[in-house]
Amino acid sequence: VAPEPTNTVEEPLDLIRLSLDERIYVKMRNDRELRGRLHAYDQHLNMILGDVEETVTTVEIDEETYEELYKSTKRNIPMLFVRGDGVVLVAPPLRVG
Amino acid sequence: MSLRKQTPSDFLKQIIGRPVVVKLNSGVDYRGVLACLDGYMNIAIEQTEEYVNGQLKNKYGDAFLRGNNDLMGKSTTRKTLTLYSDGFFSFKMFL
């Protein structure tokens, strides 16, 4: 796809560029979420995130009651390379805007 | 919306600004206003709401949904783009 001139409608990736050096929220496959500062990205959505909190969410189902128990595990990572093929969604962290 | 013949890129420019639902094959729905779209089907939506079964999260501002970047033709996440157009018709794009 030929790149659009900058005075016409921006591509979605141009709008991600506006989030550089800002904190962002990333939703990944396999029920993972990341919150961190966006240092770099490319067209594959490979990203370098700093000061990251990763949340992994699992669901356990009680065999007797069939109750769904949601568990989330968090960990902090100072600097992280994210491979783009796992990325589903990128957004500013939840805030009114 | 005009039904005259047009190229796909003309169509993509025309649907910008319309309310859309993007349904991922994971079962999650994203509803909002289509901000922009590119040739790889990366999508930017404004005023996005995320629905998993019931309503899960509200995302305000822009949300970027990753398109199909796999050049071997396999879709990383299959998406259905549903457009609601003026009450005359709705149609779905399978991405």
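Modeller: Across the interface of chain A and chain B, 4 residue pairs are in polar contact, both residues at pLDDT 80 or more. A polar contact is a pair of N or O atoms within 3.5 Å; within protein, one must be able to donate a hydrogen and the other to accept it, and residues adjacent in sequence count only if both atoms are side-chain atoms. This is a predicted model: local features need pLDDT of at least 70, side-chain atom pairs count only at pLDDT 80 or more, and totals for chains, interfaces and linings use all residues. Residues are numbered from 1 along each chain as its sequence is written, chains are lettered from A and ligands numbered from 1 in the order in which they are written, and side-chain values use heavy atoms, with hydrogens and water left out.

Biologist: Which element of chain A gives the most to the side that touches chain B?

Modeller: Strand 5 of chain A does, with 5 residues. Helices (H or I, at least four residues) and strands (E, at least two) are DSSP runs, numbered from the N terminus.

Biologist: And what is that side made of, by class?

Modeller: It has 16 nonpolar, 4 polar and 8 charged residues. Ala, Val, Leu, Ile, Met, Phe, Trp, Tyr, Cys and Pro count as nonpolar, Asp, Glu, Lys and Arg as charged, and the others, Gly among them, as polar.

Biologist: Which strand of chain B is joined to strand 5 of chain A?

Modeller: Strand 4 (residues 54-65) of chain B, running antiparallel and joined by 2 bridges; two strands pair if DSSP finds at least two bridges between them. Within strand 4 of chain B, B:Phe64 is the bridge partner of A:Val90.

Biologist: Which side chains form the salt bridge?

Modeller: Those of A:Lys27 and B:Glu50, at 3.6 Å from N to O. The term requires a side-chain nitrogen of Lys or Arg within 4 Å of a carboxyl oxygen of Asp or Glu. The count between the two chains is 1.

Biologist: What does its side chain reach?

Modeller: The side chain of B:Thr48 reaches the backbone oxygen of B:Ile45 at 3.1 Å.

Biologist: And chain B overall, how many helices and strands?

Modeller: Chain B has 1 helix and 6 strands, in the order α-β-β-β-β-β-β from the N terminus.
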